[in-house]
Amino acid sequence: MDSRLSVTVLAALVWQHSSRIRDARHQACGHSRCPTRQAPYAGDCLGEEQFREMCFRDGCADIVHDLIARCLGKLTTVTLTAVNDIERYANRLVANEVSDWERHERVARGGPAKPARTDGMPARVNAALAQASEPAERDWLLALFRMVRAYPHRLEPHVGTWPLDGWTAEKSIQAGGIRILGSAAARAEIRADIERVLQIAADVAGPAWVHESIVEPMARRRPQLESTDTCDPVSLEDTAIARLVAADFRTRRSAGAGPRAALAAASERFLGHAPPATAYGECLHLLAAVGES
């Protein structure tokens, strides 16, 4: 490895860039975050003496060791004599290795390597979003479409709910305006934006694509109910998908379909499954409430 870059500097970069995936590994094991505060191998002490025991049990230390080994392997196989800023180069290398690690982890879990890619069908949806929006909101809706595709595949455990408050702050950055984080009005605004994005995506790509790419991955992140004899027409925390189901249900009813047949078809179209037979009454009641909201 180039003598201008010490292992301690490399270890500090790995520790910094891997914080999110290390915390995710601890959270998957029932802990809130990584308990080790100082970057191992970046100080005067031996690295393994700086790791907390929990880091070895949860696999956090394995992530650090794996990333350091990968980066060392890359740094010893390339010619760095022409690199002027070796630490900047190493910083970029570590960031890329962390991204690769996350991609491999997502694929291992059955997810896409790049859920936020912008080619293929997402490119067509992006074009439709750009055409259907005003210039002031265009960047925000494009960013929101990227986020609703990427969020279900994040490595951190979550309960299958959209981060409405975080996206409220993001909208203020992207589109301007003042919004109160956590307020009912702000959350309703973001829910409406999600509904709009999903509706345009369904119009362009089809409900099956929306279900496979967004709804089903998001639903997998929710805690599983012990009983299936309950109605859950909202496969996501918000009402965006439920509104699509309700609108499709009303269209089918207007065309002459019976309530059970219309509900089953609308649910299968947007959720991928019909409700349990014992829960049709509850589902119809909830859809009526969604339609009135």
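In this predicted model, helix α8 packs against helix α10 through residues of both helices. The α8 side of the contact consists of Glu-137, Trp-140, Leu-141, Leu-144, Phe-145 and Val-148. These residues meet Ile-190, Asp-193, Ile-194, Arg-196, Val-197 and Ala-201 of α10. By class, the contact of α8 with α10 holds nine nonpolar and three charged residues, and no polar ones. Two packed helices are described by the angle between their axes and the distance between the axes. Helix α8 spans residues 135-150, and helix α10 spans residues 184-205. Their axes come within 10 Å and cross at roughly 75 degrees. Angles from 65 to 115 degrees count as roughly perpendicular, so α8 is roughly perpendicular to α10.

Helix α10 also contacts helix α9, which covers residues 164-175. Here the axes come within 9 Å and cross at roughly 85 degrees. Helices α9 and α10 are therefore roughly perpendicular to each other. From α9, the contact draws on Leu-164, Asp-165, Trp-167, Thr-168 and Lys-171. From α10, it draws on Ala-186, Arg-187, Glu-189, Ile-190, Arg-191, Asp-193 and Ile-194. The contact of α9 with α10 divides into five nonpolar, one polar and six charged residues. Ile-190, Asp-193 and Ile-194 of α10 take part in the contact with α8 and also in the contact with α9.

Empty space was examined next. Rolling a probe the size of a water molecule over the atoms shows where such space is left. The count comes to one cavity of 30 Å³ or more. The largest cavity has a volume of about 50 Å³. Its lining is formed by Ile-21, Ala-24, Arg-25, Trp-101, Glu-105, Arg-109 and Leu-155. Helices α2 (19-28) and α6 (86-108) are the elements that give two or more residues to this lining. Helix α2 gives the most, with three residues. Four residues of the cavity lining are nonpolar and three are charged, with no polar residue present.

The second largest pocket has a volume of about 400 Å³. It is lined by 18 residues. Of these, Arg-106, Pro-115, Ala-116, Ala-150 and Arg-154 lie nearest the pocket centre. Helices α6 and α8 each supply at least two lining residues. Helix α6 gives the most to the pocket lining, with four residues. By class, the pocket lining has eight nonpolar, two polar and eight charged residues.

The mean pLDDT of the protein chain is 80, and 79% of its residues reach 70 or more. Over residues 223-238 the pLDDT is below 50. Beyond near neighbours in sequence, this stretch has 42 contacts in the model. Where pLDDT is low, the predicted coordinates should not be read in detail.

Key: Residues numbered from 1 in each chain as written. Predicted model: local features only at pLDDT ≥ 70, side-chain atom pairs only at ≥ 80, totals over all residues. Heavy atoms only, no water. 1 Å grid on protein atoms, 1.4 Å probe; cavity = no way out; pocket = protein on both sides within 12 Å on 5 of 7 lines; lining within 4 Å. Points joined across faces, edges and corners; volume = space filled by probe spheres on them. Nonpolar A, V, L, I, M, F, W, Y, C, P; charged D, E, K, R; others polar. Axes fitted to C-alpha atoms, helices over the stretch in contact; angles between N-to-C directions. Parallel < 35°, antiparallel > 145°, perpendicular 65-115°, else oblique. Contact = heavy atoms within 4.5 Å. pLDDT = per-residue confidence, 0-100.
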